[in-house]
Amino acid sequence: AAAAQLGDALSGVLERVAGARGVVVMDQDGGVLLQHACASAEPARAAKIAAVAGDALNAPLIAAVAEHSAKLQLGKPEYIAAWYEEYALVLLSFPPLTVALIADSNARVSELLRLRPACSALAAEIGGGE
């Protein structure tokens, strides 16, 4: 219940970012722990956001990218951003969890990155993170 309340609170924060559509929290195996669409997303679009999250997010792949970055002595990646035809994804790592911010493809990544502290709190409440 507390995680759902945090999801609602984060949704309120997401509403302030133009083009933000939702948030998904996944465990290290890619299992979805929390999925929340912005209140402004109509039901059909919210369902598509959920499908995008399920299809496009691959937690083991994200973990492998982070691991290879460490092997190259590049340090821990702060975020990974990907653009698709209709959506942009910003993936934030809070081991053992990954928080994915889903937005329209024209959303400003810098605005989404300002949500990192709120996402960190969400990950910590759910059971992991920094």
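Two strands count as paired if DSSP finds at least two bridges between them. I took strands (E, at least two residues) and helices (H or I, at least four) as DSSP runs, numbered from the N terminus.

This is a predicted model, so I noted the limits: local features need pLDDT of at least 70, side-chain atom pairs count only at pLDDT 80 or more, and totals for chains, interfaces and linings use all residues. Residues are numbered from 1 along each chain as its sequence is written, and side-chain values use heavy atoms, with hydrogens and water left out.

**Sheet.** I looked up the strand order first. It reads β2-β1-β5-β4-β3, an open sheet of five strands with antiparallel pairing. β2 (32-37) and β3 (80-83) are the edge strands, each pairing on one side only.

I then checked β4 against β5. They pair in the antiparallel sense over eight bridges. A88 stands opposite A103 in β5.

Next I asked what α5 touches on the sheet. It packs against β1, β2, β4 and β5 (contact: heavy atoms within 4.5 Å). Its direction makes about 55° with that of β4 (lines fitted to C-alpha atoms, for helices over the stretch in contact; angles from 0 to 180 degrees between N-to-C directions).

**Core.** I looked for nonpolar cores: buried Ala, Val, Leu, Ile, Met, Phe, Trp, Tyr and Cys joined through side-chain atoms within 4.5 Å. Buried means under 20% relative accessible area (1.4 Å probe, protein chains only). The largest core has 21 residues. β5 gives the largest share, four residues. L101 is among those with the most contacts inside this core.

Conventions. Buried means under 20% relative accessible area, exposed over 50%, partly exposed in between (1.4 Å probe, protein chains only).
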